[in-house]
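Keep the view at hand and follow along as we go.

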Amino acid sequence: MVRTPLTPEERERGERLGHLLRAARGERSMVEVAACAGISAETLRKIETGRAPTPAFFTVAALAVALELSMDDVARSCALVPV
């Protein structure tokens, strides 16, 4: 299966998500947050650094719960156009 290259907008949205997650994580360790969300620390690291700019919905939802973020806040923060 050949993956379609990401658009600049998708990359930017991924960067925004990474910044949001890093800020929400605060002083908590990456390992702690990842375990709480049921994902690997490497997956969280890739999302936070933009190396995985389009994570699965359920991964984002699990991280939102672990970080006590609403999905509305996540969507607003990652939107390319102000909502």
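Leaving aside its neighbours within four places in sequence, which residues is leucine 69 in contact with? Contact here means heavy atoms within 4.5 Å. By that rule, leucine 69 touches Leu20, Leu21, Ala24, Ala64 and Val74, with neighbours up to four places away in sequence left out.

A word on the model: it is a predicted one, where local features need pLDDT of at least 70 and side-chain atom pairs count only at pLDDT 80 or more, while totals for chains, interfaces and linings use all residues. Residues are numbered from 1 along each chain as its sequence is written, and side-chain values use heavy atoms, with hydrogens and water left out.

Leu69 also belongs to the largest nonpolar core, which has 18 residues. Such a core is a set of buried Ala, Val, Leu, Ile, Met, Phe, Trp, Tyr and Cys residues joined through side-chain atoms within 4.5 Å; buried means under 20% relative accessible area, exposed over 50%, and partly exposed in between, using a 1.4 Å probe and protein chains only. The members touching the most others are Leu17, Leu21, Leu44, Leu63, Leu69 and Val74. At least two core residues come from each of helix H1 (8-25), H2, H3, helix H4 (57-66) and helix H5 (71-78). Helices are DSSP runs (H or I, at least four residues), numbered from the N terminus.

## Where H2 meets H3

The axes of helix H2 (residues 30-37) and helix H3 (residues 41-49) come within 8 Å and cross at roughly 110°. That makes H2 roughly perpendicular to H3, a term for angles of 65 to 115 degrees. On the H2 side, Met30, Val31, Val33 and Ala34 take part, meeting Ala41, Leu44, Arg45 and Glu48 in H3.

## Two buried residues

Glutamate 48 sits in helix H3 and is buried, at a relative accessible area of 4%. Beyond four places in sequence, glutamate 48 is in contact with Gly18, Leu21, Arg22, Arg25 and Met30.

Threonine 59, in helix H4, is buried too, with a relative accessible area of 17%. Not counting residues up to four places away in sequence, threonine 59 touches Ile39 and Ile47.

## Cysteines

How many disulfides are there? The count is zero, taking a disulfide as a pair of cysteine sulfur atoms within 2.5 Å. The sulfur of cysteine 78 has its closest cysteine sulfur in cysteine 36, 19 Å away, which is too far for a bond. Cysteine 78 is buried, with a relative accessible area of 8%.

Conventions. Axes fitted to C-alpha atoms, helices over the stretch in contact; angles between N-to-C directions. Parallel < 35°, antiparallel > 145°, perpendicular 65-115°, else oblique.
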